[in-house]
Amino acid sequence: MREILFRGVPVEADEDRKLMFVFGMLKAVAPPLNEAIIFVGRGYSGKDVNVFWDTVGQHTGVVDTNGIGIYEGDILQAESGERFAVKFVDGAFLYANEDSICELNSREVKRYALTIVGTAYDKRH
């Protein structure tokens with residue numbers, strides 16, 4: 001069984017710094033506040049971190065050509081230069097752009113040499 005991991009941008013992040021995620025288990029969601037809580041740590045050792053809800057993304061279980069874990073909200077680039085957004089739709093992770101939509105898996109990453117080049121949140125912070 002794979003571990004289900006999430007990431008998000010902390011509410012208390014310094015706006016002058018580069019986008020920085022925390023990684024852990026999604027614990028709670030507070031939509032009226034546009035916040036969620038991610039538990040960072042293992043077992044009873046760790047802490048709760050408030051993150052912006054709209055920056056929360058789940059790990060896909062797939063890594064890019066550099067061995068970096070791909071998360072919902074990442075922007076991938078194919079060897080051809082074409083870019084795609086990673087999304088979670090109807091129980092499946094997809095990578096899509098205006099022209100196409102495909103299921104994200106290791107075979108697709110290898111076939112198109114997909115590499116993470118950013119996130120959908122880079123412009124927000």
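The model is a predicted one, so to speak of local features takes pLDDT of at least 70 and side-chain atom pairs count only at pLDDT 80 or more, while totals for chains, interfaces and linings use all residues. Numbering runs from 1 along each chain as its sequence is written, and side-chain values rest on heavy atoms, with hydrogens and water left out.

In terms of secondary structure, the chain has one helix and eleven strands, taken as DSSP runs numbered from the N terminus (helices are H or I, at least four residues; strands are E, at least two). The order along the sequence is β-β-β-β-β-β-β-β-β-β-α-β. Of the 125 residues, 36% are buried, where buried means under 20% relative accessible area, exposed over 50%, and partly exposed in between (1.4 Å probe, protein chains only). The chain exposes about 8100 Å², and carbon and sulfur atoms supply 52% of that area; accessible areas come from the Shrake-Rupley method with a 1.4 Å probe, and for residues only the protein chains shown count as cover.

Now for the sheets. Two strands are said to pair if DSSP finds at least two bridges between them. Six strands make up an open sheet, in the order β4-β3-β2-β1-β5-β6, with antiparallel pairing. The edges are held by β4 and β6 (69-71); each has a single partner strand, so one side of each is left without a neighbour in the sheet. From one strand to the next, the twist averages 45°, with axes drawn as lines fitted to C-alpha atoms and angles running from 0 to 180 degrees between N-to-C directions.

Within this sheet, β3 (residues 35-42) and β4 (residues 45-52) pair antiparallel over eight bridges, and F39 sits opposite D48 in β4. The two strands form a hairpin with two residues between them, and G43 in the turn has a positive phi of about 55°. On to the next neighbour: β2 (residues 22-30) is joined to β3 by five bridges, again antiparallel, and V29 has A36 in β3 as its bridge partner.

The other open sheet has five strands, ordered β10-β9-β8-β7-β11 and paired antiparallel. Here β10 and β11 (115-119) stand at the edges, each with a single partner strand, so one side of each lacks a neighbour in the sheet. The twist averages 35° from one strand to the next. Three bridges link β7 (residues 74-77) and β8 (residues 83-89) in the antiparallel sense, with Q77 opposite R83 in β8.

Aromatic rings come next. Rings of Phe, Tyr and Trp (its six-membered ring) pair if their centres lie within 6.5 Å; planes under 30 degrees apart count as stacked, over 60 as edge-to-face and the rest as tilted. The count by this rule is four aromatic pairs. One of them is the tilted pair of F21 and F23, at 6.4 Å centre to centre with 55° between the planes. F21 is buried at 18% relative accessibility, whereas F23 is partly exposed at 41%. Ring pairs also bring in Y71, linking F21, F23 and Y71 into a cluster.

Finally, N105 lies in the loop between β10 (101-103) and α1 (106-112). N105 is buried, with a relative accessible area of 17%. Its side chain reaches the backbone nitrogen of E108 at 2.8 Å.

Technical notes: Polar contact = N/O pair within 3.5 Å; in protein donor to acceptor, adjacent residues only side chain to side chain.
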